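Please read them alongside the sequence and the coordinates.

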Amino acid sequence: MARILGGLIAGLLFGVGLSISGMINPAKVIGFLDIFGAWDPSLAFVMLGGVAVTAIGYRTVLRRSQPLFEPGFILPTRRDIDLPLLAGASLFGIGWGLGGYCPGPALAGLGFGNLETLGFVAAMVLGMFVARQSANALFSTKVKAGRSS
Amino acid sequence: MTHFTPFASLFGGALIGLSAVALLLLNGRIAGISGITAGLLSLSGQAPDRGWRIAFVIGLVVAPLTLMLISGERPGIDFIAPLPIMLLAGFIVGFGTVLGNGCTSGHGVCGIARLSPRSIIATAVFMTTGIATTYVVHHLLAGG
């Protein structure tokens with residue numbers, strides 16, 4: 001039960017952050033990626049704020065022997081740069097540039113009832129499902145379930 | 001085009017960081033949205049792991065609506081691509097983030113904050129292909 005509360009608190013904070021930062025707006029994301037056009041550098045400030053708070057906060061939290069609601073921390077340990085990482089990140093960037101949505105803002109926008117958001121999320125979930133089913137066969141590298149580094 | 005909002009964006013970004021710190025402190029997890037979402041698609045079904053992921057996504061969906069009710073202001077959500085392109089984009093984003101083990105949050109915020117070499121490379125790669133795709137779509141194909 002406590003873990004569910006932990007997830008809810010983090011999700012709420014994340015959603016408020018996406019909304020206030022303007023990242024929930026696909027047009028603003030494209031404005032950031034369009035460095036050769038009418039560039040809107042706002043998203044660099046989102047990353048700056050996010051990375052700064054996370055870097056300081058993580059260091060503080062990781063001095064603890066364990067989190068509050070779990071017996072241990074679950075952190076990515078891989079450091080190798082492999083083909084699935086490069087191919088996956090390349091594809092993700094292409095999709096991001098096409099639609100102006102990455103996974104967080106797309107989910108956060110679901111409540112506003114736009115067909116484009118709903119369609120994007122449905123297609124994204126399908127893409128995730130297909131990747132989980134086929135990545136092992138394609139790259140003979142195990143894609144770890146539900147883990148992002 | 002959209003306007004430069006340095007203060008709102010910095011503050012919103014800090015809240016995203018606070019979310020990441022909260023999830024690590026409470027549940028011992030990295031706040032990667034693609035990882036949290038994709039973890040729900042497990043067919044084998046690890047039931048104990050599912051509750052907090054669903055709760056996170058519910059919080060993510062409910063938060064902007066709650067904020068709108070409090071502030072009385074609807075956040076700008078403007079689309080630059082028609083529905084068929086959004087479907088294609090969604091599929092590529094879903095496939096790519098699972099293959100590459102993360103997205104803007106897991107790699108771009110949490111991973112960079114941890115100085116993970118995989119995340120630094122992944123972020124550089126998706127920023128580059130994102131900028132290149134935007135250039136092709138809005139300048140080369142649009143003729144601008």
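1. Helix α2(A) packs against helix α6 (residues 117–140) of chain B at an angle of about 100°, their axes lying 9 Å apart; axes here are lines fitted to C-alpha atoms, for helices over the stretch in contact, and angles run from 0 to 180 degrees between N-to-C directions. Since angles of 65 to 115 degrees count as roughly perpendicular, with those under 35 roughly parallel, those over 145 roughly antiparallel and the rest oblique, α2(A) and α6(B) are therefore roughly perpendicular to each other. Helices are DSSP runs (H or I, at least four residues), as are strands (E, at least two), and both are numbered from the N terminus.

2. In this packing, Ile30(A), Phe32(A) and Leu33(A) of α2(A) meet Met127(B), Gly130(B), Ile131(B), Thr134(B) and His138(B) of α6(B), where contact means heavy atoms within 4.5 Å. The contact of α2(A) with α6(B) comprises five nonpolar, three polar and no charged residues, with Ala, Val, Leu, Ile, Met, Phe, Trp, Tyr, Cys and Pro counted as nonpolar, Asp, Glu, Lys and Arg as charged, and the others, Gly among them, as polar.

3. On provenance, this is a predicted model in which local features need pLDDT of at least 70 and side-chain atom pairs count only at pLDDT 80 or more, whereas totals for chains, interfaces and linings use all residues. Residues are numbered from 1 along each chain as its sequence is written, chains are lettered from A and ligands numbered from 1 in the order in which they are written, and side-chain values use heavy atoms, with hydrogens and water left out.

4. Within chain A, α2(A) also packs against α3(A), at an angle of about 95° and with axes 8 Å apart, and these two helices are therefore roughly perpendicular to each other. Here Lys28(A), Val29(A) and Phe32(A) in α2(A) meet Ser42(A), Leu43(A) and Ala44(A) in α3(A), a contact made up of four nonpolar, one polar and one charged residues.

5. For the interface as a whole, 120 residues of chain A are in contact with 116 residues of chain B. The two chains bury about 10500 Å² between them, 75% of it on carbon and sulfur atoms; buried area is the accessible area (1.4 Å probe) that two parts lose on being put together, summed over both.

6. The rule finds two salt bridges across the interface of chain A and chain B, a salt bridge being a side-chain nitrogen of Lys or Arg within 4 Å of a carboxyl oxygen of Asp or Glu. Asp80(A) forms a salt bridge with Arg118(B), the closest N and O atoms being 4.0 Å apart; this pair runs from the loop between α3 and α4 of chain A to helix α6 of chain B.

7. As for chain B itself, the assignment gives six helices and zero strands, and the C-alpha trace spans about 50 × 40 × 30 Å along its principal axes.
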